[in-house]
Amino acid sequence: MTMIHFIRTNGEKVSIDAIPGSTVMEVAREHDLPMLAACGGSLACASCHVIVDEAWFEKLGELSEEEEDLLDTAHGLTHTSRLCCQIKVSDNIDGLVVNLTPME
Ligand code: FES
């Protein structure tokens with residue numbers, strides 16, 4: 001299992017043991033965290049936008065050009081923003097911290 005820490009917009013932390021192979025977006029949805037993820041992970045919206053903790057951003061690796069383009073349409077974009085349907089759960093991200101963004 002891989003522990004992922006989600007920080008809600010009110011600061012509350014929700015820690016979830018996730019199964020490797022799914023995406024961070026799927027983990028959030030399965031646990032009823034507020035995330036629209038309108039396109040279901042097909043890289044066609046930007047409503048799975050999260051802000052990754054600084055310490056973790058580099059460890060997640062490069063973004064695809066498609067993800068970067070879509071991120072430009074996200075509200076409240078930061079330099080550690082990601083679309084979490086593109087982050088695969090694996091042992092390498094055990095302890096990941098992501099901040100949820102307001103649902104639009
Ligand atoms: S769920 Fe639509 S881009 Fe991630």
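Which residue in β2 stands opposite Phe 6? The residue is Val 14. This report sets that pair within the chain as a whole.

The model is a predicted one, in which local features need pLDDT of at least 70 and side-chain atom pairs count only at pLDDT 80 or more, while totals for chains, interfaces and linings use all residues. Residue numbers start from 1 along each chain as its sequence is written.

**Overall architecture**

Three helices and five strands make up the secondary structure of the chain; helices (H or I, at least four residues) and strands (E, at least two) are DSSP runs, numbered from the N terminus. From the N terminus on, the order of elements is β-β-α-β-α-α-β-β. The radius of gyration, taken over C-alpha atoms, is 12 Å for the chain, close to the 13 Å given by the globule rule for 104 residues, so the chain is as compact as a globular protein of that length. The globule rule is 2.2 Å times the number of residues to the power 0.38. Along its principal axes, the C-alpha trace spans about 30 × 30 × 25 Å.

Contacts are defined by C-beta atoms, placed from the backbone, that lie within 7 Å. Of the contacts in the chain with a separation of 6 or more, 63% are accounted for by residues 24 or more positions apart. Burial is assigned by counting other C-beta atoms within 10 Å of a residue's own: 20 or more make it buried, 12 or fewer exposed, and values in between partly exposed. By this criterion, 30% of the 104 residues count as buried.

**The sheet**

The five strands form an open sheet in the order β2-β1-β5-β3-β4, with mixed pairing. Its edge strands are β2 (13-18) and β4 (81-83), each of which pairs on one side only. From one strand to the next the twist averages 35 degrees, where axes are lines fitted to C-alpha atoms, for helices over the stretch in contact, and angles run from 0 to 180 degrees between N-to-C directions. Strands of a sheet pair through backbone hydrogen bonds, either parallel or antiparallel. Two strands are taken as paired if DSSP finds at least two bridges between them. The pairings are set out below.

| Strands | Sense | Bridges | Residue pair |
|---|---|---|---|
| β1 and β2 | antiparallel | six | Phe 6 and Val 14 |
| β1 and β5 | parallel | four | Ile 4 and Leu 96 |
| β3 and β5 | antiparallel | three | Ile 51 and Asn 99 |
| β3 and β4 | antiparallel | three | His 49 and Leu 83 |

Strand β3 is covered on both faces: His 49 and Ile 51 on one side, and Val 50 and Val 52 on the other, are all buried. In β5, by contrast, Leu 96, Val 98 and Leu 100 form a covered face, whereas Val 97 and Asn 99 form an uncovered one.

**The nonpolar core**

A nonpolar core is a set of buried Ala, Val, Leu, Ile, Met, Phe, Trp, Tyr and Cys residues joined through C-beta atoms within 7 Å. The largest such core has 25 residues, of which Val 24, Met 25, Ala 28, Cys 48, Cys 84 and Val 98 touch the most other members. At least two residues come from each of β1, α1, β3 and β5, and α1 gives the largest share, four residues. In soluble globular proteins, nonpolar side chains tend to be buried together. Leaving aside neighbours within four places in sequence, Val 24 is in contact with Ile 4, Cys 84, Ile 87, Val 89 and Val 98.

**Loop residues**

Thr 23 lies in the loop between β2 and α1 and is partly exposed, with 19 other C-beta atoms within 10 Å. Not counting residues up to four places away in sequence, Thr 23 touches Gly 41, Cys 84, Cys 85, Ile 87, Lys 88 and Val 89. The C-alpha atoms of Thr 23 and Gln 86 are separated by 6.8 Å, although the two residues are 63 residues apart along the chain.

Most residues other than glycine have a negative phi. Ala 37, in the loop between α1 (24-30) and β3 (49-52), has a positive phi near 45 degrees. Ala 37 counts as buried because it has 20 C-beta neighbours inside 10 Å. Leu 43, also placed in the loop between α1 and β3, has a positive phi of about 60 degrees. With 15 other C-beta atoms within 10 Å, Leu 43 is partly exposed.

Conventions: Two residues are in contact if their C-beta atoms, placed from the backbone, lie within 7 Å.
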